[in-house]
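Colleague: I would like to learn how to read a model like this one. Could you take me through it feature by feature?

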Amino acid sequence: CMRWGVELRDGTLANAAVRRALACGVIALQAGVRGEVISVTPPLVIGESELERGLTLLRKGIAGVQREA
């Protein structure tokens with residue numbers, strides 16, 4: 001199982017990033033004691049280009065909500 005977590009400043013920011021990721025087609029969940037972590041679990045069988053696209057969308061989503069905060 002491959003699971004990644006990205007810790008953000010707070011739960012509000014993480015929630016906004018998760019919503020943006022979902023809107024872009026990336027499945028992410030909010031986690032962490034204060035909800036400040038974005039949890040991503042890509043499929044075990046995933047092509048490099050699909051993984052790259054998903055990470056790019058996630059990165060853009062996080063950057064977007066950080067700029068707006």
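Colleague: Which residues does serine 39 touch?

Modeller: Contact means heavy atoms within 4.5 Å. Not counting residues up to four places away in sequence, serine 39 touches Arg3, Trp4, Ala28, Leu29 and Ala31.

Colleague: Before we go on, what is the mean pLDDT of the protein chain?

Modeller: This is a predicted model, where local features need pLDDT of at least 70 and side-chain atom pairs count only at pLDDT 80 or more, while totals for chains, interfaces and linings use all residues. Residues are numbered from 1 along each chain as its sequence is written, and side-chain values use heavy atoms, with hydrogens and water left out. As for pLDDT, that is the predictor's confidence in each residue, from 0 to 100. Where pLDDT is low, the predicted coordinates should not be read in detail. Here the protein chain has a mean of 92, and 99% of its residues reach 70 or more.

Colleague: How should I read a pair of helices?

Modeller: Two packed helices are described by the angle between their axes and the distance between the axes. The axes of helix 1 (residues 11–23) and helix 2 come within 9 Å and cross at roughly 135 degrees. Axes are lines fitted to C-alpha atoms, for helices over the stretch in contact, and angles run from 0 to 180 degrees between N-to-C directions. Helix 1 and helix 2 are therefore oblique to each other (under 35 degrees is roughly parallel, over 145 roughly antiparallel, 65 to 115 roughly perpendicular and the rest oblique).

Colleague: Which residues make the contact?

Modeller: Helix 1 contributes Leu13, Ala16, Ala17, Arg20 and Ala21, and helix 2 contributes Leu58, Gly61, Ile62, Gly64, Val65, Gln66 and Glu68.

Colleague: And beyond helix 2, is alanine 69 buried or exposed?

Modeller: Alanine 69, in the segment after helix 2, counts as exposed because its relative accessibility is 61%. Leaving aside neighbours within four places in sequence, alanine 69 is in contact with Arg9 and Leu13. Asparagine 15 and alanine 69 are 54 residues apart in sequence and 12 Å apart in space, C-alpha to C-alpha. Asparagine 15 belongs to helix 1 and, at 30% relative accessibility, counts as partly exposed.

Notes: Helix = DSSP H or I, 4+ residues; strand = E, 2+ residues; numbered from the N terminus. Buried < 20%, exposed > 50% of the residue type's maximum accessible area, 1.4 Å probe, protein only.
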